[in-house]
Structure formats: C-alpha cells, structure tokens
Amino acid sequence: KTRDVYSREVTSLLTYCEENELDISTLTLNDLESYIVTHTKDMKARTVSKIESALRSFFKFLIVEKIREDNPTLLIEKPKKEDYLPYTLTEEEVNDVLSIFKNEDGDVNLSFRDYTFFEGIYSCGLRISEAVNLELNSYNPDEKTLRVIGKRSKERITFVGEVAAEALDEYLRDVRPILASRRKENQDRRVKKNRESEDALFLGRRGQKLTRQAMHKRY
C-alpha cells in the first residue's frame, strides 16, 4: 500500500510538471508549494502529511540519481496534525460483524474460513497482510499462540483468544483439508506457488494461498 501511495503521488507530480512545462530537475520551492496547495485542497492534514512524505522520498531518490542536488520538500512546513479519538466497535457490533460470516450463503467452507480469518484478526490484533501470510507452523495449538511476521519483517508472538482458538482448531481439522484437496496437482503455475499453498494457513477457494486482494474482493 505504501508503494501504491508513493507511486500515485510521484505520478501526479510528474503529470503536473508536464502540463505546466516544468522540469523536475529544476523545480523550485515555489513551484512545489503551488502544486501542493492545488493538489491537497480540502484534504485533511493527515493526508497532506502522507503526500509530502512520499514527495520527500522521491526527491531523495532524485539526489541519489544525481538528477538534483537539493531537496526542496525539506523547506516545506509540515501540516499540523489534528488530534482525534479513534472510533472503536463495541463488543456487540463486533459479534454482529463476525456472525455474518457464519450465516453467509454459498460455500460453507469458505464462509467458515472467513469467519476464522476475521476472528483471528480481531483476537490477535492482526493486519490483513499479516493474516494472509501466516503459515501452518505459525499457530501453536498447545500454547494457543501465533507467530506473526509484521512490518519490516519483525516477528512477534501473540496469544489467541479462546473463541478464535476454537475456530482455528475446527478450521484446521475440518475445513483446510477440503480446500487443500481442491489444489490441482502440477497446475500451470510455478512450483513456488504450490509450495506456498502447502505452507499457508489460510487457503483460497482453489486451494491456493489466500491473498489480501482476494479478501478485499469478497468483502
């Protein structure tokens, strides 16, 4: 997601330069400030800060590539972030959300996989990207723990709540073997993909490793 944001913002700046006949190698501080003011109109300070962070990294890259000798973004005043209280769901709201997966029409195995997936995220405080990258040996059913690889490949151990552990145990016993059996042997995919599927904790409808994009498409 960070790469997507940075790529989008750099593309936007380069498009602006092209439309206004500006050269990125000689872009002045005034030019850059004019772009940011126009580009970030009506945006929240938090969003503006992310955009400026992307542009700072881009100009660092330009210096490394010897396209520029300076980084004008360093002279731009950072927007003051608003203080806000995060919104949290009540326990009842969480239960309402999770119950949808258990009562969903269609493939009961996929529905239970999704219920287990999100119950695990809720119980262990996981990002979706962390959950889809869990492997079979990540879960310790005896100690009820998960070994999670987070951002920058940092590893942590998190305890699994009782309800999530029951769901994981049932998923591994009754559901995952069915999804794994759908995997076609010698499919026209790379061997590496098959190996990833064999090791993955959560599998897709065809027995392949579940992806973040697949979960977004389902919900």
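On a 1 Å grid over the protein atoms alone, a cavity is a set of points where a 1.4 Å probe fits but cannot get out, and lining residues have an atom within 4 Å of a point. The legends below describe a predicted model, in which local features need pLDDT of at least 70, side-chain atom pairs count only at pLDDT 80 or more, and totals for chains, interfaces and linings use all residues. Residues are numbered from 1 along each chain as its sequence is written, and side-chain values use heavy atoms, with hydrogens and water left out.

**View 1. The largest cavity.** The structure holds one cavity of 30 Å³ or more. The volume of the largest cavity is about 40 Å³, a volume being the space filled by probe spheres set on grid points joined across faces, edges and corners. Its lining consists of Thr-116, Phe-117, Gly-120, Ile-121, Leu-126, Ala-131, Leu-134, Leu-146, Leu-168 and Phe-202. Helix H5 (residues 108–124) gives the largest share, four residues; helices are DSSP runs of H or I with at least four residues, and strands are runs of E with at least two, numbered from the N terminus. Eight lining residues are nonpolar, two are polar and none is charged. Ala, Val, Leu, Ile, Met, Phe, Trp, Tyr, Cys and Pro count as nonpolar, Asp, Glu, Lys and Arg as charged, and the others, Gly among them, as polar.

**View 2. The second largest pocket.** A pocket is an open set of points with protein on both sides within 12 Å along at least five of seven lines. The second largest pocket has about 170 Å³ of space. Thr-2, Val-5, Tyr-6, Arg-46, Ser-49, Lys-50, Ser-53 and Lys-81 line this pocket. H3 contributes the most, four residues.

**View 3. The packing of H1 on H3.** The axes of H1 and H3 lie 9 Å apart at an angle of about 75°, as lines fitted to C-alpha atoms over the stretch in contact, with angles from 0 to 180 degrees between N-to-C directions. H1 is therefore roughly perpendicular to H3, a term for angles of 65 to 115 degrees. Tyr-6, Glu-9, Val-10, Leu-13 and Leu-14 of H1 are in contact (heavy atoms within 4.5 Å) with Ile-51, Ser-53, Ala-54, Leu-55, Ser-57, Phe-58 and Phe-59 of H3.

Methods
Angles under 35 degrees count as roughly parallel, over 145 as roughly antiparallel, 65 to 115 as roughly perpendicular and the rest as oblique.
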